[in-house]
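Here is a short briefing to read alongside the structure. Have the viewer open and follow the topics in order.

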Amino acid sequence: MVKLEDLKKEATQILKSGKVKYIIGYAKGADGFMPIPTFISDPEDVENLTWNPACVHNLTKFIVDEKKRLKKDKNPDNRPIGIIVKGCDSRAINVLLQEKYIDRDDVYLLGVSCEKTGVVDEKKLAKTLKGQRVVQIDFEDNGNFLVTTESGSEKIPAEDVLAERCIECKANFPVVFDIVFGEKIKRQVDKPFQSVETIEDLSQEDRWKFWKEQLDKCIRCYACRSVCPMCYCDECVVDTISFAVEPDTSAEEKAQKIKWIEKSPNLSENIVYHLTRAMHLAGRCIDCGECERVCPLDIPIRFLNKKMEKDAKNFFDYEVGFDPDQPSLVSSFKDEDPEDFIR
Amino acid sequence: MEKILQKKSFPKWVEKLDAYEIYSPVKKDNTWSYEIINTPGDIELDYPNAVQAPKKIINPQREVFLEFGRSDDDTLEVTEVLPEEKSVVIFGVRPCDAKALTLTDLVFSEDIKDNYYGKRRKQTAIIGLACNTPPSPNCFCTSVDGSPHSEDGFDILLTDLGDRYFVKSLTNMGNDLINLGKGLFVAPKANEKKELAKIHADAEKKLKRQVNDVEKIPPKLKEMFESAFWDEESMSCLRCGICTYLCPTCHCFDISDEVTSVAPFKGYRIRTWDNCQFPDFTMHSSGHNPRPDKASRLRQRIMHKYQYFVERYDHYQCTGCGRCISKCPVGIDIIEVLNKVRDYG
Amino acid sequence: MAEEFEPRIVAFLCKWCSSAGSDLAGVSRMEYPPNVIPIQVMCSGSVSPLYILSAFKKGADGVLVSGCHPGDCHYIKGNFYARRRIALVKGQLEFIGLEPERFQMSWVSAAEGLKYTEIIKDFVNTLKPLGPQTKLRRNP
């Protein structure tokens with residue numbers, strides 16, 4: 001079990017010694033049981049840190065934010081950032097390292113083990129509790145969560161309320177860290193792609209029916225893009241204007257920005273957006289499932305990424321986020337890559 | 001006009017409205033949304049609030065303004081496209097969302113009347129449902145001049161009295177709708193009016209969240225434009241558009257031309273929702289962006305709702321529906337932000 | 001009788017092999033269906049998934065990506081990258097329910113004019129019974 005006290009002790013120490021600029025962690029939210037991301041630079045505030053199964057956010061997104069801020073800073077403070085990482089989050093760090101977006105010295109990784117479980121799916125939890133208001137949720141031994149509601153506490157088997165991504169997680173223990181809390185217990189995952197397979201097993205027309213309905217709902221709030229630690233491009237195909245505008249960019253250059261995707265939230269535009277997003281994350285998505293969690297319309301976006309992950313594994317024996325030194329999926333190849341689909 | 005309608009007569013009334021296009025909250029994969037319904041049985045009025053406010057019906061995310069194209073003899077043709085004329089009824093609108101429409105009315109009917117919005121608004125009857133229990137844990141309508149049974153923006157307001165609805169018509173359009181169901185409605189008895197008053201009073205007490213002394217916020221905000229407060233508060237913001245797109249009062253838009261075919265040349269001029277949380281919202285063609293970071297964008301969202309709008313129209317541009325709080329991926333909580341603003345410095 | 005459906009195929013042909021192959025078919029006066037809209041690209045490896053999605057969005061009934069045979073790429077490795085990327089795109093398009101026949105890839109060298117005509121003939125014949133592609137197409 002992760003001992004929160006140990007985590008706080010380490011956090012206080014690295015802040016006091018000036019080893020890190022600040023720490024990105026989880027704190028109790030203003031209302032309800034869901035924690036919020038917090039940024040701690042004063043050792044006194046370490047008290048606010050928390051760790052429980054509702055710590056769903058992938059905080060590595062804020063490393064990307066910090067990196068962008070530093071670029072604009074005239075006198076940058078280049079000390080590392082302390083950050084709490086779960087197994088999936090640590091894989092995101094590995095991809096950022098692999099892509100040389102960050103250096104290993106940019107971050108001080110406080111790893112936390114999800115042990116045999118993972119984080120909750122808020123919707124599943126609400127369903128299981130039939131509307132009772134959750135006050136607190138904690139890890140318990142033997143793969144259970146201890147859920148405190150307004151009417152008391154009860155033990156719930158984690159499997160009933162685990163986020164889908166955690167059920168299919170291959171490594172619920174940080175793969176890269178400076179210090180780690182909790183035990184390394186490998187959980188057996190027999191079917192890492194079961195969710196994708198349920199869609200693949202549908203007939204072609206049913207698959208289309210499914211995606212048509214789902215992608216038609218999209219309102220293009222771009223939360224899926226915004227929350228993704230791998231979506232760090234300065235300019236994105238869906239943006240209406242070019243952000244790489246410099247004082248000497250000519251009017252012609254600006255006018256020639258290609259409109260790949262129209263602003264209309266129509267099915268055809270939504271499909272291009274979501275497929276492009278998935279393709280751009282091929283070999284980069286570490287399956288933290290944040291895109292799906294944040295979607296206000298509950299579009300199962302994670303399937304699209306998971307499909308890429310599955311194909312990468314099956315076709316090219318490529319796994320994401322474990323080795324920061326491997327070449328990236330789409331800028332490498334092997335002689336024996338499949339080509340039976342090519343005429 | 002005040003009436004009583006038995007719940008079992010409700011579908012019969014809806015059947016009489018067959019000349020109207022009827023929207024109602026519908027549950028789809030665990031989320032509620034306003035959709036067109038085909039049979040009265042599809043209307044479910046026992047629902048928490050829908051993810052998207054009914055603003056999406058009156059002020060759709062995509063509105064076609066013009067159709068343009070080149071005809072066979074090579075002349076350019078431009079045709080105005082107006083919203084289809086039809087009569088629409090939306091059932092199950094919550095008081096916060098109806099009030100939001102009255103706020104958008106202020107903007108779209110100022111000096112220049114927005115024909116598209118105006119037309120849709122005029123042909124749509126809003127039938128509300130008072131909230132006997134708060135539909136969201138983050139409801140705070142009473143803090144912003146609203147209430148769970150506010151009548152602003154409604155043609156008819158229903159209140160659930162168990163096996164009956166207390167029906168209050170507030171406009172001629174509402175009266176007409178009730179007259180279509182003649183015979184189904186009866187006049188309320190004195191005890192029913194009493195019951196209504198009690199339910200309404202109880203509902204207000206059930207709200208868990210509030211912003212105290214909200215009137216102190218607009219003047220305070222005026223001094224906080226340059227404050228470091230916004231940097232701190234926006235640290236965890238992701239720059240997505242959930243808060244504004246789901247907001248029932250946000251109404252900013254963008255106009256663009258979409259060419260659907262090059263030969264023969266054809267396309268549309270459309271209006272789509274826009275979003276002050278996106279970096280391209282304020283981007284100038286020179287490359288300068290007056291709101292360059294998320295701090296300035298969070299500030300804009302709060303300032304617009306609690307300062308600029310108040311100054312201009314004397315209303316808060318927020319109706320306390322709590323959507324932006326419930327759906328924020330990182331738990332940015334407008335109630336918290338407002339409380340901090342009030343106590344700042 | 002209704003006119004027979006004539007599919008429209010967008011073909012991304014690499015400059016050095018496939019495009020030259022299609023030219024050879026042309027100058028040799030080999031006959032093949034006129035249903036194809038060729039777009040010359042520098043290398044099959046330069047074909048972004050966005051090109052493919054855009055073609056479908058703008059009404060293509062089928063899309064072909066064609067490059068040099070493995071080992072023959074003018075840029076040494078471009079077609080190997082394409083092979084990986086196209087495999088992923090193909091998987092994704094099938095996953096959302098597009099007919100797999102609508103998206104094809106081929107290796108056509110500058111000498112294979114005949115092969116090019118056969119690919120197009122077969123492509124047109126597979127697309128005809130499928131009818132127009134409406135799934136990814138922009139609805140006005």
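**Briefing: domains, interfaces and core**

Chain B is assigned domain 1 (2-55 + 84-205) and domain 2 (214-252 + 275-342), with domain bounds that come from an automatic or database domain assignment. This is a predicted model, in which local features need pLDDT of at least 70, side-chain atom pairs count only at pLDDT 80 or more, and totals for chains, interfaces and linings use all residues. Residues are numbered from 1 along each chain as its sequence is written, while chains are lettered from A and ligands numbered from 1 in the order in which they are written.

**The two domains of chain B**

- Taken over C-alpha atoms, the centres of domain 1 and domain 2 of chain B are separated by 29 Å.
- Contact between them involves 22 residues of domain 1 of chain B and 17 residues of domain 2 of chain B; two residues are in contact if their C-beta atoms, placed from the backbone, lie within 7 Å.
- On the domain 1 side, helix α3 (residues 95-108) of chain B gives the most, with eight residues. Helices (H or I, at least four residues) and strands (E, at least two) are DSSP runs, numbered from the N terminus.
- That side of domain 1 of chain B has eleven nonpolar, seven polar and four charged residues. Here Ala, Val, Leu, Ile, Met, Phe, Trp, Tyr, Cys and Pro count as nonpolar, Asp, Glu, Lys and Arg as charged, and the others, Gly among them, as polar.

**Contacts between chains**

- Chain C has 30 residues in contact with 33 residues of chain A.
- Elements giving two or more residues to the side of chain C that touches chain A are α2 (49-57), α3 (78-95) and β4 (103-107) of chain C. Of these, α3(C) gives the most, with twelve residues.
- By class, this side of chain C has 14 nonpolar, seven polar and nine charged residues.

**The largest nonpolar core**

- The largest nonpolar core has 218 residues, and Ile83(A) and Ala223(A) have the most contacts inside it. Such a core is a set of buried Ala, Val, Leu, Ile, Met, Phe, Trp, Tyr and Cys residues joined through C-beta atoms within 7 Å.
- With nine residues, α3(C) gives the most to this core.
- Both domain 1 and domain 2 of chain B give residues to this core, so it lies between them.
- Beyond its neighbours within four places in sequence, Ala223(A) is in contact with residues including Val294(A), Cys295(A), Leu238(B) and Pro329(B).

**Helix and backbone details**

- One residue of the 16 in α6(B) is buried, so this helix lies largely in the open. A residue is buried if 20 or more other C-beta atoms lie within 10 Å of its own, exposed if 12 or fewer, and partly exposed in between, with C-beta atoms placed from the backbone.
- Asp298(A) has a positive phi of about 60° although it is not a glycine, and it sits in the loop between α12 (290-294) and α13 (302-316) of chain A.
- Asp213(B), also not a glycine, has a positive phi of about 50°; this residue is exposed, with 12 other C-beta atoms within 10 Å.
- A cis peptide bond, with omega near 0°, runs from Ala263(B) to Pro264(B).
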